[in-house]
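I opened my notebook to look up a few things in this model. I kept one entry per topic.

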Amino acid sequence: MARSRPGETPNTAERPPSLWRDRDYVYWWSGNGLSTLGTSVSTLAFPLFMLYATGSATQAGTITVLHMLGKLGTLAVGGALADRVSRRAILCVVPLVEAVAMAAVALLVYRGSPPVLALDALALVSGLAAGLKIGVSTPVLRRIVPKEQVATATAQSMGRDMVVQLIGAPLGGLLYSMARWIPFLFDAVSFVFVTLGSLLIRRPLGPDRHPDGDRRPGLVADMKDGVRLIRRSDYLMFTLTWGALLNTVAQGLTLLFIVLVRHRGGGPTAVGVATSLALAGGLIGAVAGPWLMRRLGARRVLLLSAWVFVASFALVALVPQPWQIGLVLMVGMTGMAPMNVVTESYEVRLVPDAYLGRVAATGQFFFQGMQWIGPLVAGFLADAAGVETAVLILAAAMALLAISLHLARRHLSILDTPLAEVPELPALQPAHV
């Protein structure tokens with residue numbers, strides 16, 4: 001138990017100050033929040049504009065896919081760079097590249113009849129830059145936030161992103177209706193706030209310099225070291241694999257819930273209401289996650305959340321009204337968010353700072369690289385067996401994932417240790433030694 005400092009009561013000593021009183025954290029949180037809002041706005045506007053300009057759904061999908069492929073193409077590189085060059089420099093320069101790309105899109109759209117290939121290329125550039133930026137986010141958060149508040153910061157970031165998703169789509173539609181170029185200019189300006197926030201952070205963001213005389217291995221060797229560290233940890237191996245499978249199933253269920261609402265007689269408004277309820281549930285779960293971890297323990301929270309998620313998606317196939325689907329999804333997302341709080345918080349504490357960029361980027365690469373499988377399988381099942389049956393099949397897949405948590409006690413043993421007391425993994429010996 002922590003000892004009180006002179007002049008402090010035990011309760012004061014045990015309760016860390018609010019993160020909202022930490023200026024560095026507020027700069028980081030708000031800058032990334034505004035950037036995420038801008039991205040949410042342009043994510044709607046890009047395919048909408050392409051569909052309007054070309055009349056082709058294929059072109060609308062292509063520009064989204066190019067952005068995703070660009071992000072996947074640089075995720076691993078971004079993680080390796082975050083562990084070898086100035087993270088502050090990456091967070092200052094890369095968002096400016098994204099800002100220039102989106103400003104160029106806004107200019108082309110403003111002038112009228114923009115070349116499709118030019119827009120595709122700029123979407124790809126924006127995705128390539130986004131992949132580099134993602135690799136820096138987790139190690140920077142660890143440098144800013146005290147170890148005992150990692151779970152709280154993770155939950156606040158998740159809650160922020162869910163609120164942004166709730167606001168971003170309607171805001172994007174409103175800005176697009178004002179003028180088609182405005183959403184892209186809005187996104188361009190939003191990236192500048194990441195750069196400004198990074199410049200204002202006073203703490204050193206790392207990485208730490210290698211001792212003089214140490215020869216640093218190449219970038220590819222650094223990326224391989226990130227994979228080596230993951231393979232050394234039973235917890236990381238299990239949770240990254242489990243999380244990628246969970247994300248794949250969840251993406252499939254996201255598609256099916258839209259189909260199910262329509263099947264139950266709901267229109268676009270009903271889909272929007274159900275989506276809003278689901279996001280509200282995710283926000284509630286993110287806020288409750290750290291509180292539940294302190295009272296129940298991380299392992300119990302993970303198991304309870306998984307089964308709540310399973311039950312909600314089994315029930316969603318049975319309720320008859322679209323608004324009831326929304327309420328059930330709200331419960332499901334309330335359960336899913338604490339799962340992410342637990343797994344991400346322990347990853348941040350377990351992985352040494354020198355490897356955190358690579359490990360986090362590797363996990364994101366697998367999550368995003370597999371997520372396209374979920375909607376593809378879900379759509380096939382819905383067409384072949386009916387939407388209710390498809391939902392129940394994916395709920396059964398989620399049940400298998402929940403059961404695997406009970407069977408993986410050895411792999412998850414670190415969850416029995418309080419988050420602030422989790423020891424870091426030891427550094428790797430150089431591969432070339």
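**Entry 1: the transmembrane record.** I began with UniProt. Its unreviewed entry gives the feature "transmembrane region" at residues 25–53, 59–82, 89–110, 184–201, 235–261, 267–289, 301–319 and 380–403. The model I compared this with is a predicted one. I picked two of the spans to check. Residues 89–110 are 100% helix and 0% strand. The C-alpha atoms at the ends of residues 89–110 are 32 Å apart. Then I took residues 235–261, where the end C-alpha atoms lie 38 Å apart. Residues 235–261 also came out as 100% helix and 0% strand.

**Entry 2: helix 2 and helix 5.** Next I looked at how helices pack. Helix 2 covers residues 23–54. Helix 5 covers residues 116–144. The axes of helix 2 and helix 5 are 12 Å apart, and the angle is about 160 degrees. Which way do helix 2 and helix 5 run, roughly parallel or roughly antiparallel to each other? Angles over 145 degrees count as roughly antiparallel, so helix 2 and helix 5 are roughly antiparallel. I noted their crossing as left-handed.

I then listed who touches whom. From helix 2 come Asp24, Tyr25, Trp28, Ser35, Phe46, Phe49, Met50 and Thr54. They meet Val116, Leu119, Asp120, Ala123, Lys133, Ser137, Val140, Leu141 and Ile144 of helix 5. I sorted the contact residues of helix 2 and helix 5 by class: eleven are nonpolar, three polar and three charged.

Entry 3: How many salt bridges does the structure hold? I found 14. One of them joins Arg143 to Asp208, with the closest N and O atoms 3.0 Å apart. Arg143 sits in helix 5. Asp208 sits in the loop between helix 7 (182–200) and helix 8 (219–232). The two residues are 65 apart in the chain, so I wrote this down as a link between distant parts.

**Entry 4: helix 9 and helix 14.** My last pair was helix 9 (residues 234–263) and helix 14 (residues 373–385). Their axes come within 7 Å and cross at roughly 45 degrees. That angle makes helix 9 oblique to helix 14. The crossing of helix 9 and helix 14 is right-handed.

Helix 9 brings Thr248, Gln251, Gly252, Leu255 and Leu256 to the contact. Helix 14 brings Ile373, Gly374, Pro375, Ala378, Gly379 and Ala382. I counted six nonpolar and five polar residues in the contact of helix 9 with helix 14, and no charged ones.

Key: Residues are numbered from 1 along each chain as its sequence is written. This is a predicted model: local features need pLDDT of at least 70, side-chain atom pairs count only at pLDDT 80 or more; totals for chains, interfaces and linings use all residues. Side-chain values use heavy atoms; hydrogens and water are left out. Axes are lines fitted to C-alpha atoms, for helices over the stretch in contact, and angles run from 0 to 180 degrees between N-to-C directions. Helices (H or I, at least four residues) and strands (E, at least two) are DSSP runs, numbered from the N terminus. Angles under 35 degrees count as roughly parallel, over 145 as roughly antiparallel, 65 to 115 as roughly perpendicular and the rest as oblique. A crossing is left-handed if the near helix is turned anticlockwise from the far one by less than a right angle, and right-handed if clockwise. Contact means heavy atoms within 4.5 Å. Ala, Val, Leu, Ile, Met, Phe, Trp, Tyr, Cys and Pro count as nonpolar, Asp, Glu, Lys and Arg as charged, and the others, Gly among them, as polar. UniProt positions are given in the numbering used here, feature names are shortened, and annotations may be inferred rather than shown by experiment. A salt bridge is a side-chain nitrogen of Lys or Arg within 4 Å of a carboxyl oxygen of Asp or Glu.
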